[in-house]
Amino acid sequence: MITPASSSRPTASRRRFLTLTAGALATTALTATACSAPAKATASAKPSASGGKDLTKIGLDYPFTQLPLYSTLVRLSTAAAKKHGISLITTSDNAGADTQATNLRTWVTQKVPAIVSFPMVFEAAEPIARQALDAGLIWVTYGGSLDHQSADIKFSFSKGGTLLGEAAAKWAQQKLGGKGKIAFLTDSTIELGRERTKGMIDAFTKAAPGVDVVAQEQAIDPDTGLSKTKAILARHPDLNLVLGVTDAAAYGAFKALQQAGRSTDDAKTFVGGQDGAAPSLLAIRQGTFYRASAALAPDDIAAAIVDVPRAVAAGKSHPSVEVPIALVGPGDTARINQLLAQNA
Amino acid sequence: MTTADTALFRPRALATGGLAAVRRHPLILVLAAMVLVFQVSTGSFLAPANLSGIATDAAALAVVAVPLALLVISGYLDLSVGSTLALGGLVAGRLANEGQSPAVAVLGALAVGAAVGAVNGVLCCYLGLSPFIVTLGMLTAVRGLDQQLFPLPLSGFGSGFAWLGGATIAGIAAPVVIAALVLVAGALFLAFAPGGRHVFAIGVNREAAHLSGINIRRTPFLLFVATGVAAALAGAVKASVLDSVVAGTSGAGFELTVLTAVLIGGVALTGGSGSILGVLLGVLFLGGLQNGLTLLNVPTFWQQMAQGTALVAGAALAYLAPRTGR
């Protein structure tokens, strides 16, 4: 059975998440944060061949196994599935699109009753999803939508960047009188990174036009964030703000500023990132100049990984969900503690 | 004079430095030109703070590049250093988190690095397996071990452990001092120690070296161990500098970066040729290029093209230099 999700098919460039080589490394850090989704309407689910029956097994295909989020999601999803008497199995894709396709085909052949997949290349996943639906299986797309799917779990790619940019701009207006210097640590290798970057820069420059943008550098990991920020500081020692497309890169910038002599609670410095990574959350909670992170809650994602296939199996009319993303700052101690507990 | 004789005498000849070194290492001229261009273009490339930043960033690379260069000169290779670096950082970080002293944390890292190096060494030197295959396998296996043992990021190692990456000794950052010690030790070993001559001899012709009474298994085995130890030390330094370490991504791709530094520094991948001065130049070239392009605010994709082109040019010069010198 095929359940069209949308009447219009997205362009290839829009749906391509990364290239197999250069993009792979970037993807690891970026998707560690769990990302957001290309907007696309999803049709209501129709019960699959397994519809109406209790699910006994869900296959979670999250390709970026090198990310801390992978371990967290597997742990939380396994626990959530167990509550419903469902066993959770996983792939080991190692961020390889070819490996992912092979693993997914194997699951379809084995007739794993429900598959939740985060496709690295959406075009490559489309025929596999179609095979799965033809075989009467449930297919849930994570991080976007396919033409052939039972439902999806989405999150906005750009919203985290927008929230971060707006918060930083507000801080710059209040603390710097709308003046100062900012550097952006960006990613242009994958759609997720591009949309996050655009959301972050557009929101900031619109709300704080008086702040001078002195650099936009590609950086998604702490090492690169550190070295790039050191170089930027050599030319602009009075740099005030650094916003990162990932928390990992922003944390590198945070350490570079500290090593350049900034006090950890410097009132004229703002660093922010995206992902809700534990080191960044700890820095925010401690009241340092690492002041914000746009974060998805792993608990929300894990619950969706189990609940959406169950809803499809039960024949519910609107099984898809959108996972919310929120900005956390120094005043959000309870929320930070919650996020840290989920990552523990 | 045979090729082997040339190789055996090369370290001492290099020690004399000067013009001969420039002739043998035209990368010096490329490096000088690069520094000039970046300084004129940016006005801040030679600023003390920037030079300190370059040196600190390049320190971990230098620490691993030295023993890896010796390994390559002896005709072997280690591609597992990226994962070993992560393991070293993770072990040191965990020990620091548990309240152990920085010395214990670093020693713990060195021990696991030595263990990884010993496994590589036994498989390659005593069982005769291909170093490319073995260390490529270890690259993956150790990364898996990293993630299995430490699925979540580690951070907040405390002020004691921060000394390793953040302290200054006579005004010089501790990682730079560590790198300098490793470079000097490597250069002295190659130039004056019998083991240094053995490294060249084994790399030039293993059978001839064996017939000359050189232990062709023990020396490269020890170099594998030294490379593992150095990678783990670099991991501990990086963990200290960043005050955090992530099992899945720390050191990812590092093996190619360090191998690039070694090769553009003039070390022959086929073994038997190379010097620590060349390795230092390769490390400085990579670090300076990255920094300069960032200072110039060059767009990302242009940076990639410029880096690739510069690396090919540097490698071509390094390849041509020994020929003209012979």
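This is a short walk through a predicted two-chain model, from the contact between the chains to single residues.

Start with the contact. Chain A puts in 30 residues, and chain B puts in 29 residues. On the side of chain A that touches chain B, six names come up as giving two or more residues: helix H2 (22–31), helix H3 (68–83), strand S7 (212–218), helix H8 (222–235), helix H9 (247–259) and helix H10 (278–285). H8(A) gives the most, with 9 residues. By type, this side of chain A splits into 15 nonpolar, 9 polar and 6 charged residues.

Now the sheet in chain A. It is an open sheet of 6 strands with mixed pairing. The order is S7-S6-S8-S9-S10-S12. Which strands stand at the edges? They are S7 and strand S12 (325–328) of chain A. Each has a single partner strand, so one side of each has no neighbour in the sheet. From one strand to the next, the twist averages 15 degrees. S7(A) also belongs to the elements that give two or more residues to the side touching chain B.

S12(A) pairs with strand S10 (residues 290–296) of chain A, antiparallel, over 4 bridges. Within that pairing, A:Ala295 has A:Ala326 of S12(A) as its bridge partner.

Next, the records. An unreviewed UniProt entry lists "domain: Periplasmic binding protein" for residues 79–316 of chain A. In the model, that span is 50% helix and 19% strand. Its end C-alpha atoms lie 23 Å apart.

For chain B, the unreviewed UniProt entry annotates "transmembrane region" at several stretches, including 59–92 and 221–239. Take those two. Residues 59–92 of chain B are 79% helix and 0% strand, with end C-alpha atoms 18 Å apart. Residues 221–239 of chain B are 100% helix and 0% strand, and there the end C-alpha atoms lie 27 Å apart.

A:Ala95 is not a glycine, yet has a positive phi of about 60 degrees. A:Ala95 sits in the loop between strand S2 (87–90) and helix H4 (97–110) of chain A. Is A:Ala95 buried or exposed? A:Ala95 is buried, because 23 other C-beta atoms lie within 10 Å, and the cut-off for buried is 20 or more.

Phi of B:Ala170 is positive, near 55 degrees, and B:Ala170 is a residue other than glycine. B:Ala170 lies in the loop between strand S2 (168–169) and strand S3 (172–173) of chain B. B:Ala170 counts as exposed, because there are 5 C-beta neighbours inside 10 Å.

Methods:
Residues are numbered from 1 along each chain as its sequence is written. Chains are lettered from A and ligands numbered from 1 in the order in which they are written. This is a predicted model: local features need pLDDT of at least 70, side-chain atom pairs count only at pLDDT 80 or more; totals for chains, interfaces and linings use all residues. Two residues are in contact if their C-beta atoms, placed from the backbone, lie within 7 Å. Ala, Val, Leu, Ile, Met, Phe, Trp, Tyr, Cys and Pro count as nonpolar, Asp, Glu, Lys and Arg as charged, and the others, Gly among them, as polar. UniProt positions are given in the numbering used here, feature names are shortened, and annotations may be inferred rather than shown by experiment. A residue is buried if 20 or more other C-beta atoms lie within 10 Å of its own, exposed if 12 or fewer, and partly exposed in between; C-beta atoms are placed from the backbone. Two strands pair if DSSP finds at least two bridges between them. Axes are lines fitted to C-alpha atoms, for helices over the stretch in contact, and angles run from 0 to 180 degrees between N-to-C directions.
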